[in-house]
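Student: I have just opened a structure that is new to me. Could we go through the side chains together?

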Amino acid sequence: MPLGLFLGGCIVAIPVVTGVAEGVSEQKKQNEEANNEERMIKFNLEVFCGARSPSKDQVHGTIVVLRHNKAWLCPQIPETHTPIPQVEGLSPPLHPFAGFYIQYPDDNRSPPQRGLVSTISDDPPMLNWLYADKETQEIKYGNRTASIEHLVGDWDWTEDHAGLLLEKWEGFVAVDEGEEGKDGLKWALYYDRYDDKLDKGNLVGGQEILEVSLERRVQSAEQQLKQMEEAEKKMQVKSSGGMSSQFTAPAAEAKRKAAAGKKN
Ligand SMILES: *[C@@H]1O[C@H](CO)[C@@H](O)[C@H](O)[C@H]1NC(C)=O
């Protein structure tokens, strides 16, 4: 046998074997993911900021709210974890991020990516995807059509499940977008994808940038059960960007489990 052919055989064979092994472990990962109910537990996001800056107090201890297609940091009432609007008479009221992890439906993403959804309003009840805009690096939300071109995952949690990760790290920053912010919202959430302080501030016109981490505050069992019931209703009322089939089964299952757990 000519040596070249022999080598050729090896070279072809190796990737095939590796490919199969990866396929199996990927499938295993996906099965684990689908069975991991903790991923479906809804949480809010609170902001931790350890930066040395006079502005730190405007950022540390705030809660993430969703408005105008973006994620913002907003002061909150510590006891109730409700956002404190900075201008009066907002309609609709400020809506805190309240979301969970679920696979992003896109056959062109291989392996599939773990997405993050949140309610964006209670009335009408709707869910949207969280994503980082690939140009501006703002954290935004939108339906599948709006998000698919952007960075939709992998979203994850830290080892202790307490912190939010995107692309395996806590690369989040808050940007002061000025007092003229929409509806009194001033600090916007960004993803510092290249760890360069948003291209040394060039992406945000030199506005102040503070490193933050986002802490998951898991909602109580009662809250979750209520949310599940609302989610089921919501599926009958309105689907957001064709997500209904993704949600009906897990929501019903989680609800059954929550109800069973309550009786014990
Ligand atoms: C998705 O969002 C875009 C705006 O980002 C909107 O134009 C479109 O109608 C929405 N699609 C659905 C199915 O809701």
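This is a predicted model: local features need pLDDT of at least 70, side-chain atom pairs count only at pLDDT 80 or more; totals for chains, interfaces and linings use all residues.

Student: Changing topic, how many aromatic pairs are found?

Tutor: The search of the whole structure gives 7 aromatic pairs. One of them joins Tyr101 and Trp157 in an edge-to-face arrangement, with 5.4 Å from centre to centre and 90 degrees between the planes.

Student: Which parts does that pair tie together?

Tutor: Tyr101 belongs to strand 7 (residues 99-103) and Trp157 to strand 11 (residues 155-157), so the pair links parts that are 56 residues apart in sequence.

Student: Is Tyr101 buried or exposed? And what about Trp157, buried or exposed?

Tutor: Tyr101 is buried, at a relative accessible area of 1%. Trp157 is buried as well, at 8%.

Student: Which residues form one aromatic cluster?

Tutor: The cluster is made up of Phe43, Phe97, Tyr101 and Trp157.

Student: What sits over the ring of Trp157?

Tutor: The charged end of Arg39 does, 3.7 Å from the centre of the Trp157 ring.

Student: And over the ring of Phe43, what sits there?

Tutor: There it is the charged end of Arg216, at 4.3 Å from the centre of the Phe43 ring.

Key: Residues are numbered from 1 along each chain as its sequence is written. Side-chain values use heavy atoms; hydrogens and water are left out. Rings of Phe, Tyr and Trp (its six-membered ring) pair if their centres lie within 6.5 Å; planes under 30 degrees apart count as stacked, over 60 as edge-to-face and the rest as tilted. Helices (H or I, at least four residues) and strands (E, at least two) are DSSP runs, numbered from the N terminus. Buried means under 20% relative accessible area, exposed over 50%, partly exposed in between (1.4 Å probe, protein chains only). A charge sits over a ring if NZ of Lys or CZ of Arg is within 6 Å of the ring centre and within 35 degrees of the ring normal.
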